[in-house]
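The stops below run in order.

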Amino acid sequence: MKKIIIAIDGYSSTGKSTIAKKLAQALNYIYVDTGAMYRAVTYYALHHNCVFEGELISSKLIEALPKINISFKYNDALGFAEVYLNGENIEKDIRTMEVSQYVSPVAALSEVRQKLVQQQQQMGKEKGIVMDGRDIGTVVFPEAELKLFMTASAETRAMRRYKELLERGQQLSYEEVLKNVTTRDYIDSTRKDSPLKKAKDAIEIDNSNLTIEEQLTSILNLAKEKINS
């Protein structure tokens, strides 16, 4: 059976990672969360004095890029690969609101994107991969056999994110989360380097009112059609 590349792009908090993980498990494919890679760089920036008085010091982060090593290690208990920064497991540390506030400005830096895109393309050389992010179908793998673009209303996405953060013990308001979601949408969609946009041949899925099971069933059928074609 032939292997394909599945690229899943879309706005923040549309459940891309959740669906990508489940899809990869169903197909026995490798899953790569590119958003986690950008969050890892952001985490590094926050803990190595690349943010001062609420502002990202781009030049300092760019200078530090050679020191940043991002890898993934599969966790049998969780059923997916966790992200490591310079050998340290930071899977949980990168899911905070603080990281969310800075990840879009970090991801907008061309030098950061160039470094991570090269790694991502290397990961997909053998195909049999599900990768999600913002520019997978447009920049990383424009030749991907199956491209999906996930979307939902900002309010729906903010509520999902809000509940997720509360479950992790983070105390903040829904209004704060909604503002973060809309700000990230703007930065991701208007940045000069690889802006978030739907690839011409991508299938758009609005999952505002779809369960995870409904999404998985639909996407799995699309993947099998491409694999068997």
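Which side chain does arginine 95 join in a polar contact? Select glutamate 91: the two side chains meet at 2.8 Å. A polar contact here is a pair of N or O atoms within 3.5 Å; within protein, one must be able to donate a hydrogen and the other to accept it, and residues adjacent in sequence count only if both atoms are side-chain atoms.

Before moving on, note that this is a predicted model: local features need pLDDT of at least 70, side-chain atom pairs count only at pLDDT 80 or more, and totals for chains, interfaces and linings use all residues. Residues are numbered from 1 along each chain as its sequence is written, and side-chain values use heavy atoms, with hydrogens and water left out.

**Stop 1: arginine 95.** Arginine 95 sits in the loop between strand S7 (88-89) and helix H4 (97-107). Helices (H or I, at least four residues) and strands (E, at least two) are DSSP runs, numbered from the N terminus. Arginine 95 has a relative accessible area of 15%, so it is buried (under 20%; exposed is over 50%, partly exposed in between; 1.4 Å probe, protein chains only). Now show its contacts (heavy atoms within 4.5 Å). Beyond neighbours within four places in sequence, they include Asp33, Ala36, Arg39 and Arg161.

**Stop 2: helix H2.** Select residues 34-47, the 14 residues of H2. Twelve of them are buried, including Ala36 and Arg39. At the N-terminal end, find the cap: a side-chain oxygen of aspartate 33 lies 3.0 Å from the backbone nitrogen of glycine 35. Just past H2, asparagine 49 has a positive phi of about 60°.

**Stop 3: serine 100.** Go to helix H4, where serine 100 lies. Is serine 100 buried or exposed? Its relative accessibility is 1%, so serine 100 counts as buried. Its side chain makes a 2.8 Å polar contact with that of arginine 161.

Methods: The expected span of a helix is 1.5 Å times one less than its number of residues.
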